[in-house]
Amino acid sequence: MSWLYDDFHRDREYLERTVAFFQRHARLVMHDPRRTGGGANFLLPRSARRGDLLFTGEAAGFQDALWGFGMRFAMVSGYLAARAVLGNAPADYDRIWGRRLSGHLRAAMVNRSIYRHLGNRGYARLLQEIDHFMRLRPDGRRWLQAYTAPKLWKSLYFPLLRRKLISRRPSPDAGKPGCDCTWCRCRHA
Ligand SMILES: Cc1cc2nc3c(=O)[nH]c(=O)nc-3n(C[C@H](O)[C@H](O)[C@H](O)COP(=O)(O)OP(=O)(O)OC[C@H]3O[C@@H](n4cnc5c(N)ncnc54)[C@H](O)[C@@H]3O)c2cc1C
């Protein structure tokens, strides 16, 4: 599996290079490989509601911006939406998810922005830090919890960051003619 954050039209080439790397360095052998791909979505929405229609999980943009963790956000927001619907108060949903999730979503965007600026070397440092922690305590959940938790300095930094956030998502219009990347294939279809 490989993730792309940019340059989506060259996804086939990057996938081939990733597979070649693991074949060379980790002796990866794949049986009956099948190509599959898709897009992920994260954002901090102003609202996750259209009238009485409540959006949860990735449809609302709830996902960790650095690593793409979205399962817990999906389950928690699903639970919160169900409670709002059962309580006959769909209008409360935005306030409820905001209180529970927005701090984590902001923290994730700040984390991502930091590692974007630090580049590959910064990311390598982060992986070394995780490796070091895991050697001391094999249960990595505490590290992850501390790393992804909302913090005051992240909340203060977020408004500065938000102004610079631009979507890297390719245009939703028809794909580039002749392009076979995942995004364009879906558009052509
Ligand atoms: C390769 C990969 C690895 C990942 N690894 C992790 C991980 O390790 N940890 C983690 O936390 N997250 C991970 N994620 C992210 C996580 O899987 C998603 O964020 C999470 O599953 C989102 O849940 P969801 O319910 O919002 O959406 P989905 O899981 O996408 O569920 C949406 C469902 O709705 C269905 N659907 C869509 N449109 C319609 C329609 N019109 N009618 C009926 N049904 C429809 C879809 O078929 C799908 O089954 C990973 C994602 C990918 C792609």
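**Entry 1: the model.** I am working from a predicted model.

**Entry 2: ligand shell.** I looked up which residues lie around the ligand. I found Met1, Gly38, Gly57, Glu58, Ala59, Gln63, Gly68, Phe69, Gly70, Met71, Arg72 and Ala74. Next I sorted this shell by class. I got five nonpolar, five polar and two charged residues. Then I asked which helices supply at least two residues each to the shell. They are H2 (57-60) and H3 (71-86).

**Entry 3: domains.** I checked how the protein chain is divided. Domain 1 takes in 1-40 + 179-189, and domain 2 covers 42-168. I noted 26 Å between the two domain centres, taken over C-alpha atoms. Four residues from domain 1 and five residues from domain 2 make the contact. On the domain 1 side, I listed three nonpolar residues, one charged residue and no polar ones.

**Entry 4: H3 against H4.** I came back to H3, one of the helices that supply the ligand shell. I wanted its packing with H4. Two packed helices are described by the angle between their axes and the distance between the axes. The axes of H3 and H4 (residues 93-136) cross at roughly 150° and come within 10 Å. I recorded the crossing as right-handed.

Which residues make the contact? From H3, I have Phe73, Val76, Ser77, Leu80, Ala81 and Ala84. From H4, I have Tyr93, Ile96, Trp97, Arg100 and Leu101. By class, the contact of H3 with H4 holds nine nonpolar residues, one polar and one charged.

Conventions. Residues are numbered from 1 along each chain as its sequence is written. This is a predicted model: local features need pLDDT of at least 70, side-chain atom pairs count only at pLDDT 80 or more; totals for chains, interfaces and linings use all residues. A residue is near a molecule or strand if its C-beta atom, placed from the backbone, lies within 6 Å of it. Helices (H or I, at least four residues) and strands (E, at least two) are DSSP runs, numbered from the N terminus. Ala, Val, Leu, Ile, Met, Phe, Trp, Tyr, Cys and Pro count as nonpolar, Asp, Glu, Lys and Arg as charged, and the others, Gly among them, as polar. Domain bounds come from an automatic or database domain assignment. Two residues are in contact if their C-beta atoms, placed from the backbone, lie within 7 Å. Axes are lines fitted to C-alpha atoms, for helices over the stretch in contact, and angles run from 0 to 180 degrees between N-to-C directions. A crossing is left-handed if the near helix is turned anticlockwise from the far one by less than a right angle, and right-handed if clockwise.
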